[in-house]
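Some notes on this model follow, in numbered points. Please read them beside the coordinates.

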Amino acid sequence: GISIRKAASISIGVVMLLAVGVSTSYLSIDPSNTLKNSLTYQFGYISLSISVPILVGVFIAAPFGVKIAQRTSAGLLRIIFGIVMVILFIKTLIGLF
């Protein structure tokens, strides 16, 4: 089988590629035709006043997450991943009703 570390690396790479594509398409949409321009510094569906603080936080926190993941055993990473997936599943189910 494939190691959990390799699977996580592949997953992160795929998410990054998808995020670039979706962000590019969201930037190219003209919000004046589809929704009210209610956020400051908004380009398409993306507001810089929201996305820049998130990006800064990600770039600051990502190295710490990598260090923690490298020090954590593969079994514990699987358990954490499973718990996160169950929480997201429950949240999605609750959102349907």
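1. How far does the backbone oxygen of Ile68 lie from a polar atom of the side chain of Thr72? The separation is 2.6 Å, a polar contact in the sense used here, which is a pair of N or O atoms within 3.5 Å; within protein, one must be able to donate a hydrogen and the other to accept it, and residues adjacent in sequence count only if both atoms are side-chain atoms.

2. On provenance: this is a predicted model, in which local features need pLDDT of at least 70 and side-chain atom pairs count only at pLDDT 80 or more, while totals for chains, interfaces and linings use all residues. Residues are numbered from 1 along each chain as its sequence is written, and side-chain values use heavy atoms, with hydrogens and water left out.

3. On confidence: pLDDT is the predictor's confidence in each residue, from 0 to 100. The chain has a mean pLDDT of 83, and 91% of its residues reach 70 or more. Helix H4 (residues 74–96) has the highest mean, 91, and helix H2 (residues 31–34) the lowest, 59. Where pLDDT is low, the predicted coordinates should not be read in detail. Helices here are DSSP runs (H or I, at least four residues), numbered from the N terminus.

4. Back to Thr72. This residue sits in the loop between helix H3 (48–71) and H4. Thr72 counts as buried because its relative accessibility is 14%; buried means under 20% relative accessible area, exposed over 50%, and partly exposed in between (1.4 Å probe, protein chains only). Leaving aside residues up to four places away in sequence, Thr72 touches Arg5 and Leu77, where contact means heavy atoms within 4.5 Å.

5. The largest pocket has a volume of about 690 Å³. Its lining is made up of 16 residues, and Ala8, Ser9, Ile12, Ala69 and Leu77 are those nearest the centre. Helix H1 (4–28), H3 and H4 each give two or more residues to this lining, with H1 giving the most, seven. By class, the lining of the largest pocket has ten nonpolar residues, five polar and one charged.

6. Terms for the pockets: on a 1 Å grid over the protein atoms alone, a pocket is an open set of points where a 1.4 Å probe fits, with protein on both sides within 12 Å along at least five of seven lines, and lining residues have an atom within 4 Å of a point. Grid points are joined across faces, edges and corners, and a volume is the space filled by probe spheres set on the points. Ala, Val, Leu, Ile, Met, Phe, Trp, Tyr, Cys and Pro count as nonpolar, Asp, Glu, Lys and Arg as charged, and the others, Gly among them, as polar.

7. The second largest pocket has a volume of about 450 Å³ and is lined by 13 residues. Nearest its centre are Ala19, Ser23, Ile54, Leu55 and Val58. H1 and H3 are the elements that give two or more residues to this lining. Eleven of the lining residues are nonpolar, two are polar and none is charged.

8. Ser23 belongs to helix H1 and is partly exposed, at 32% relative accessibility. Its side chain reaches the backbone oxygen of Ala19 at 2.8 Å. Ser23 and Ser9 are 14 residues apart in sequence and 21 Å apart in space, C-alpha to C-alpha.

9. Finally, Lys91 is in helix H4 and counts as exposed because its relative accessibility is 59%.
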